[in-house]
Amino acid sequence: MRPRLLHPDEDLDLDHPVPSNAHELLRDLGLDDLVAGMAAGDTTIAEVARHTLLTSLTDPAVIGYRQAVLRDALAHPELLRTLHRLAEGALLREQHVYHGLVSNPGSVLKRATEVLELALEDLRRLRDLAARYVDEVRSPALTALFTTLRDQFDEPALAAFDAQVQQLRFRDGVVVSARLGLGCRATDLVLRARPSRGPVLRRLLPPSRSSTVIRIDDASDVDRRALTDLREQALGDAAKVMGRVSDEVLRFLTLLHQELGFYVGCLALYDRLRVTGAPVCFPDPSTDARPVLVARELYDPGLSLRTGGRVVGNDVAADGVPLVMVTGANQGGKSTFLRSVGLAQLMLQAGTFVAAGSFRATVATRLFTHVERDEDTTLRSGRLDAELREMRAIDDQLAPGDLLLCNESFSSTNEREGSLLAHAIVRAHVESGVRVVYVTHLFDLARALHEDAPATTCFLRAERREDGTRTFKLLAGPPLPTSFGEDLYRRIFGEDGEPDRDRDGGGDGDGTAGLRSSAT
Amino acid sequence: MSSDPAPAPPAISVLFRTAADEPPPPDGLDRAALEDLNLDQLVGVLARRRPSYDLTPTVTRRLTDPDAVAYRQEVFRDLDRDDVRDAVDRFCAAMLRLRRFRSLAVSRQAPAERRSWHLHAGRVYVEAVTRLVGDLAALEVRSRGLTRLHGHLEQLLASSPFRTLAADTERVHAALGTVRYRLHLVPQGVEVLHDDGDETDLTAALATTFAAFLPDELPVPNPEPRRAAAMTHLEAQILDRVAELEPETFAALEGYVDDHPDPVDPAVLAFDRDVQFYLAYLEHVATLRRAGLPFCEPIVTRAAGSPVLRETFDLLLADKLLTEGARPVGNSLELADPERLVVVTGANQGGKTTFARTLGQVYHLASIGCPVPGREVRLTLPDRVLTHFAREERLADRHGRLQDDLLRMRVILQTASADSLVILNELFRSTTIVDAQVLGRRILDRLAGVGALTVYVTFIDELAARGPDTVSLVATVDPSDPALRTFRLERRPADGRAHAAALAERHGLTYEAIRARHRT
């Protein structure tokens, strides 16, 4: 009995390890802003959301499985929220019974009895809700869960639960049958339903003449203990069954609460993004050998949540090319673009919607980020060394099918050196089957890559208008030999610079990159 | 099989052809030799493997008749087969249970319980013997020892007392097996009842009712209920009531004990005891064989001949070395007529003492019928193994030591014959080189006169050059690094200088080195 709302064959397992570079992903992509936007203060939802975003799905079928639940959730937001509240309440009540370790069959049975008594009412409520909505929902996950709840926990079944639970209170004592085992000790103890000849209790209380009755001397601790042991042995197998049953009831409620939490979080995020008027779409995962990153109005949802307003979206059409090079003006939105790619990729592979008008991308086996940091540090050689070490650590894990996001990697040395280093590394990775999105102001690097293999690279650059102002919009086109630092200079010093000589002349005649809308 | 009317059963032993083969207990010289050769450690090692059997007499007493040795070698050959050993191991495990049950049949309080242990012991006995007879027939054992045992057991199995025992055992056991009763446990005590035939298994009913919450995967095991190691007073009282409910069955049990007070055949007990020697030794050898160390069945003769020992090693040192991740070095010795004296010289700590000890061990192990360390061993069974090993604690008083050495040598020389093995290790170490040389030569002359096979470990190189009756073995060093000891002994004239030169080279004390230093 498992909810299976996140995966058709697996339960959510928060103990399942997240990727070893989870810390880098959280930091470099600003993932926690997204998580906070989903959780709205709920710590369980935050935990589930973070875990789900970090442990990417790679099977498009499972991505579709979650997307279907999410579509149901968007169609019936209150249904999902009510189920979530119900599971939460039930869990709280039953966990209250459950705390502490129990070590013997008698107490395992006692606890199981209490848990089940509470669970009966919760199961009844869940069933009623399921029965009401089973024909409304479309997703395989919710349909299956609702059908099971409706069919497994009908009134006769719940009545049978109740009857068994009452029997487990053993008000008339414990009856067990036995055989003679090794050394004539009782063996094959089988717990029987109820006393066969009325309550013996009454016959035992007055001094009994019957030779078949053994009264325990109250003063004899040894006999009392022996009697307790015998009772525990009689209850042993039943305790094993009921211990598993109560564990499983609790597990079901826990999973239900956690897995629903993911969708409730998605609903919250949806509302907060939509309120800005920015688009949200269900992405299209691709598993073709042909690498794809095609998006329209792709934006950084974290930035949107932080600013509370609509942020600039970008289009990218890297269809069939494994490398996206983003060059151009400082503060032109390159880093934001890189984060929007990374977050969209993680959201795609978490099975939720993405912050874009449309989004189609190859499913990545793993996602890595390499970001230059500590921009003020003066120990340049030490920084390059550290950067290379980090890259080496990533490189040790990289495999074909992975996606690597680089932000100003190897900027800590001079442009020539940095470009040469990066050029070799990027080429090696791309040729090994790794997809790379690389954001840089290293013109040498971009130019070299453009000369090498223009047909396998999608070039984007930060837009600068004729007047030098930035739109934060990326344009398709080959790299330009300046990073527009002079724009900044001009804006600050207000003097007129040189005439524009760097307007894009070549266009995208090679056809590898373009501004085409990428509705999928 | 003949069916003579009840002759006294022949004494069947897997250790001796007849009682006459049994050697006398070791005397003082034997005990000293066992200690010098570290064979007292082997006794300890085997005793640890079989703590409840006393293997000391078998391990310490050498046989002197080659056919008596062959008798054991045959048994070793049979038991070296995995299938035969498995069958015997199974039998021994049953005998272990048998002995435990027999002691419970005496020590326990409740009469019914005592009788039931007696019955269990009888059952184990009947099963073990029946199974062993079947196994021995199917396995086609070859050794005289196991063949004779097989014959004896076949006779036993066919005898009418055994058949009666087997039938009675089964009948009473089956009757006890049908006893079913019911316990009604309440806080004040227990009622013991006839089984009323109510087949409602509450545990099974619970499993059915709550099937939806019983996951398929293996559950975390609940703690097993506590159970006293032996029957409690309360359980004994319950058993009394059960006996009252089933008077006939328990009367039959009592009759069984009266009819078969001591059912176990002495030859069966003797086999279980005697075969432990073989099993323990083979177990010990198995660990060394797994590490790739060779063992072989020695060819033993009575007629004086020249020994051949190839790739032998110290059995007990090998064990220690393997646990340290090292391996023993195998050494060989091959003598031809008239060679009788082996003088061992060479590098300190170069394996001289180990070689001497190895030789003594191989002779002793061959004499008790065991497979020995080595690829090939051919030797004459010695009438005595006489040893004298220098020991640090004996060096306290130099004069006393020399006197002790000489007194001991006198006893050894009085005892030794042409059939003896004499191993002398660092004799006269306490005296001057001149004394050691003179006295050593005298002793060797005397031993040569007696004709005993002698190993003489010494630091006096001159003793190695004697004549055609003497072989010189030298503990060698690695030619590429003369400071490295190889632990390998080579047959060549003792010079003692290669090692000295190597040490001089290393320390810069050669003639040339000293001259060269003083020239400048």
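Trainee: How many residue pairs are in polar contact across the interface of chain B and chain A, and what makes a pair count as a polar contact?

Mentor: The rule finds 19 residue pairs in polar contact across that interface, both residues being at pLDDT 80 or more. A polar contact is a pair of N or O atoms within 3.5 Å, where within protein one must be able to donate a hydrogen and the other to accept it, and where residues adjacent in sequence count only if both atoms are side-chain atoms. This is a predicted model, in which local features need pLDDT of at least 70 and side-chain atom pairs count only at pLDDT 80 or more, while totals for chains, interfaces and linings use all residues. Residues are numbered from 1 along each chain as its sequence is written, chains are lettered from A and ligands numbered from 1 in the order in which they are written, and side-chain values use heavy atoms, with hydrogens and water left out.

Trainee: Why is the pair A:Arg185 and B:Glu235 called a salt bridge?

Mentor: A salt bridge needs a side-chain nitrogen of Lys or Arg within 4 Å of a carboxyl oxygen of Asp or Glu. The closest N and O atoms of A:Arg185 and B:Glu235 are 2.9 Å apart, so the pair meets the rule.

Trainee: What makes A:Asp28 buried or exposed?

Mentor: Buried means under 20% relative accessible area, exposed means over 50%, and partly exposed lies in between, using a 1.4 Å probe and protein chains only. A:Asp28 has 10%, so this residue counts as buried, whereas A:Arg27 has 36% and therefore counts as partly exposed. Their side chains meet in a salt bridge, at 3.0 Å from N to O.

Trainee: How do you know which parts of chain B the salt bridge of B:Asp80 and B:Arg289 ties together?

Mentor: Their side chains meet at 3.0 Å, N to O. B:Asp80 lies in the loop between helix 4 (66-79) and helix 5 (82-107) of chain B, and B:Arg289 lies in helix 12 (residues 266-290), so the pair ties together parts that are 209 residues apart in sequence. Helices here are DSSP runs of H or I with at least four residues, strands are runs of E with at least two, and both are numbered from the N terminus. B:Asp80 is partly exposed at 33%, and B:Arg289 counts as partly exposed at 32%.
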